[in-house]
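Have the sequence and the 3D view open as you read.

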Amino acid sequence: MNAKFYSYLSGLLASAVLAGAAFALIGVHVRSHHLVFGHEFLIGAILLLAVVQAGVQLRLFLHLGLNKSARWNLAVFISTFSLILIVVLGSLWIMNHLNYNMTPQQVNDYMMRSENMFR
Amino acid sequence: MNEALPAIGFQRQERVAFGFWVYLMTDLISFAALFAAFSVLRGSTFGGPDGADLFNLPFVFAETMLLLVSSFTCGLAVLAAEQNKQPRALIWLAVTFLLGGGFLALELNEFSRLVAEGNGPQRSAFLSAFFALVGTHGLHIAVGLLWMAVVALVIWRRGLSSKNFSNLLRLGLFWHFLDIVWIFIFTIVYLMGVL
């Protein structure tokens, strides 16, 4: 067995642990009737686990890295990644603020609800 | 094999692999658009069920593990082919095919259950976005399985020529790529869906 086999094996084990941790966190939360862990913490934690797992698989399964032969692959990946950030975060940002551009009365109602102010 | 050719053949193979990598990255952008649409529409259930009503986490965990292990065995198939061990490469490809087929069967089972319960893509914007995103991934898996069957058949009949090997290498890239997309599907669609 050579080094590449161990890179695939460690990729499998690390990914299984990271995915298991994400499912366990949410499972504990749901089973406790949403009492254990706050939503912001959980969303941050599982997104972080997903990014780490994607990094693990890019490195250990797809062998993406700084070595000379894969440098252009990495360059294309980084530019794609920035496009994805713009598309996803940009969409969420715009669509979540779209409600602030309604007619004045609607904006008023929306903001009262959104900021937890009740008349 | 001709002594003068391998270096050129290798360079060509690398160029082809790079071109395929660029295709994968553009495919990733189309997935990003579907993820953006899903994230925007996830709350628009039109009075219908949301993720917490519909998703079954142990079921999704089983799908996740099937696809993860299939990504691993696909790597082992490429590794065996690199070492010119044809029977072993074919066995690992067969294992990968079964695991990937199991994943697709589970996903189709989930889809048909949702549609049978009246929660198909026309139920709400949330479910339209759900079926578009997860269905596109499933379609990629189905195409990958078809490709895998063809690659395995060609390697079985004609051996591990450098052309067949380079085909297998691209299939490996494609399959690992689909598992990486799935990480974000189970995190953003399913895990964040039941919160």
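## Chain B at a glance

Chain B has six helices and zero strands, so to read its elements from the N terminus on you simply go α-α-α-α-α-α. Keep in mind throughout that this is a predicted model.

Taken along the principal axes, the C-alpha atoms of chain B fill a box of roughly 70 × 30 × 25 Å. Of the 195 residues in chain B, 52% are buried. If you look at contacts in chain B with a separation of 6 or more, 83% of them come from residues 24 or more positions apart.

## Helix α4 of chain B

Helix α4 of chain B covers residues 86-116, which is 31 residues. From first C-alpha to last, α4(B) reaches 44 Å, close to the 45 Å expected at 1.5 Å a residue.

Which elements do the buried residues of α4(B) pack against? They pack against α2, α3, α5 (125-158) and α6 of chain B. The buried set of α4(B) includes leucines such as Leu90(B), Leu93(B), Leu99(B), Leu104(B) and Leu114(B), along with Phe103(B) and Phe111(B). Also among the buried residues of α4(B) are Thr96(B), Gly100(B), Glu107(B) and Glu110(B).

Arg113(B) is partly exposed at a relative accessible area of 31%, and Glu117(B) is partly exposed at 48%. After α4(B) comes Gly118(B), whose phi is positive, near 85°.

## Where the two chains meet

On the chain B side, 39 residues are in contact with 43 residues of chain A. The area buried between the two chains is about 3,700 Å², and carbon and sulfur atoms give 86% of that. Three residues, Trp21(B), Phe72(B) and Leu195(B), supply 19% of the area that chain B buries against chain A, more than any other three residues.

The rule finds three residue pairs in polar contact across the interface of chain B and chain A. Which elements of chain B give two or more residues to the side that touches chain A? They are α1 (5-41), α3 (57-82) and α6 (162-191). The largest share, 13 residues, comes from α3(B). Sorted by type, the residues on this side of chain B divide into 29 nonpolar, seven polar and three charged.

Side chains of opposite charge can pair when their charged atoms come close. Over all chains, the count comes to two salt bridges. For one of them, Glu82(B) lies in helix α3 of chain B and Lys4(A) in helix α1 of chain A, so the pair joins two chains. The count between chain B and chain A is one salt bridge.

The side chains of Glu82(B) and Lys4(A) meet at 3.0 Å, N to O.

## Arg59 of chain A

Arg59(A) lies in helix α2 of chain A, residues 39-60. With a relative accessible area of 47%, Arg59(A) is partly exposed. Leaving out residues up to four places away in sequence, Arg59(A) touches Leu64(A) and Gly65(A). A polar atom of the Arg59(A) side chain lies 2.8 Å from the backbone oxygen of Leu64(A).

Arg59(A) and Gly11(A) are 48 residues apart in sequence, and their C-alpha atoms are 8.3 Å apart in space.

## Two loop residues with positive phi

Most residues other than glycine have a negative phi. His33(A) is not a glycine, yet has a positive phi of about 55°. His33(A) is found in the loop between α1 (3-31) and α2 of chain A, and counts as exposed at 66% relative accessibility.

Phe46(B) is not a glycine either, and has a positive phi of about 55°. You will find Phe46(B) in the loop between α1 and α2 (51-54) of chain B. Is Phe46(B) buried or exposed? Phe46(B) is exposed, because its relative accessible area is 71% and over 50% counts as exposed.

Terms used
Residues are numbered from 1 along each chain as its sequence is written. Chains are lettered from A and ligands numbered from 1 in the order in which they are written. This is a predicted model: local features need pLDDT of at least 70, side-chain atom pairs count only at pLDDT 80 or more; totals for chains, interfaces and linings use all residues. Side-chain values use heavy atoms; hydrogens and water are left out. Contact means heavy atoms within 4.5 Å. Buried area is the accessible area (1.4 Å probe) that two parts lose on being put together, summed over both. A salt bridge is a side-chain nitrogen of Lys or Arg within 4 Å of a carboxyl oxygen of Asp or Glu. A polar contact is a pair of N or O atoms within 3.5 Å; within protein, one must be able to donate a hydrogen and the other to accept it, and residues adjacent in sequence count only if both atoms are side-chain atoms. Helices (H or I, at least four residues) and strands (E, at least two) are DSSP runs, numbered from the N terminus. Ala, Val, Leu, Ile, Met, Phe, Trp, Tyr, Cys and Pro count as nonpolar, Asp, Glu, Lys and Arg as charged, and the others, Gly among them, as polar. Buried means under 20% relative accessible area, exposed over 50%, partly exposed in between (1.4 Å probe, protein chains only). The expected span of a helix is 1.5 Å times one less than its number of residues.
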